[in-house]
Amino acid sequence: MDSSDDMHDANDIDSLDDDFYSDDAPINYYSDYDDEADDDYFDDADDADRIHARTPEQNFTILKESDIQQRQDEDISRVATVLSISKVSASILLRHYNWSVSKVHDAWFADEVRVRKAVGLLEQPVVQYPNDEELKCGICFENYPRAKIQMASCGHPYCISCWAGYIGTSINDGPGCLMLRCPDPTCGAAVGQDMIDLIPSDDDKHKYNHYLLRSYIEDNKKVCNSSGICTSLFTAS
């Protein structure tokens with residue numbers, strides 16, 4: 001016969017089983033979670049808010065296309081003045097150095113000869129025709145009066161018609177036209193804005209100037225001053 005202690009233990013077990021399966025028994029589904037862990041979670045959230053509050057806000061200014069054009073012209077004029085070169089040459093330099101005035105200045109004063117060679121700014125023509133009344137075009141090989149021949153800084157002669165075809169094709173190929181060089185495959189002389197203004201059609205000039213402005217925007221999307229005020233170089237609608 002079982003002892004009274006064994007009978008009490010058996011009754012206790014039955015009682016626990018009844019409580020577990022009883023619909024009235026409250027179940028705490030969150031009993032395994034530590035209250036301190038909850039406190040840590042909210043503490044972390046507070047820390048994140050404090051960090052965000054300490055982050056300085058930046059005020060942005062959206063510029064119109066005319067404002068961007070003015071800034072671009074000012075950068076070109078600044079480089080032209082400091083380096084004592086033409087605006088056409090200054091624009092070529094800035095395009096090569098992603099429109100960074102400081103990079104242009106640093107590179108130029110470090111090694112002007114190397115920079116000139118890299119961007120195609122020649123100080124003297126590589127070919128000269130001082131007394132010729134007619135010149136042969138290097139593309140179509142026809143003879144033309146000097147008035148119908150144009151040259152880059154290198155002096156290689158091409159008729160206006162061939163220049164128009166060469167520049168127009170390059171412009172229609174895309175933004176690579178901003179780095180246009182002399183048609184002579186052995187020559188690296190840059191073709192500047194002066195040739196673009198003189199020869200192509202109005203439509204091609206518009207496309208070229210659009211690429212020129214877009215290149216300035218892409219390389220200067222956000223410019224911040226020391227006070228944290230930033231200017232977004234996107235055209236305002």
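Predicted model: local features only at pLDDT ≥ 70, side-chain atom pairs only at ≥ 80, totals over all residues.

Guide: Residues are numbered from 1 along each chain as its sequence is written, and side-chain values use heavy atoms, with hydrogens and water left out.

Visitor: How many helices and strands does the secondary structure of the chain come to?

Guide: Helices (H or I, at least four residues) and strands (E, at least two) are DSSP runs, numbered from the N terminus. Counted in this way, the chain has nine helices and seven strands.

Visitor: What percentage of the residues in the chain is buried?

Guide: Buried means under 20% relative accessible area, exposed over 50%, and partly exposed in between, with a 1.4 Å probe and protein chains only. The chain has 237 residues, and the buried share of them is 31%.

Visitor: Is tryptophan 99 buried or exposed?

Guide: Tryptophan 99 lies in the loop between helix 4 and helix 5, and its phi is near 60°, a positive value in a residue other than glycine. Most residues other than glycine have a negative phi. Because its relative accessibility is 3%, tryptophan 99 counts as buried.

Visitor: What does asparagine 98 count as at its relative accessibility?

Guide: Asparagine 98 is also placed in the loop between helix 4 and helix 5. Its phi is positive, near 55°. Since its relative accessibility is 43%, asparagine 98 counts as partly exposed.

Visitor: Which residues does glutamate 123 touch, not counting residues up to four places away in sequence?

Guide: Glutamate 123 is found in the loop between helix 6 (112-119) and strand 2 (134-136), and is exposed, with a relative accessible area of 59%. Its C-alpha is 9.7 Å from that of valine 113, a residue 10 places away in sequence. Beyond four places in sequence, glutamate 123 touches Glu112 and Arg116.

Visitor: Which residues are the closest to the centre of the largest pocket?

Guide: On a 1 Å grid over the protein atoms alone, a pocket is an open set of points with protein on both sides within 12 Å along at least five of seven lines, a cavity is a set where a 1.4 Å probe fits but cannot get out, and lining residues have an atom within 4 Å of a point. The largest pocket holds about 210 Å³, a volume being the space filled by probe spheres set on points joined across faces, edges and corners. Of its 16 lining residues, the closest to the centre are Val88, Ser153, Ala190, Gly192 and Asp194.

Visitor: Which helix supplies the largest share of the lining of the largest cavity?

Guide: The largest cavity has a volume of about 70 Å³. Its lining includes Ile92, Arg95 and His96. The largest share, three residues, comes from helix 4.

Conventions. Contact = heavy atoms within 4.5 Å.
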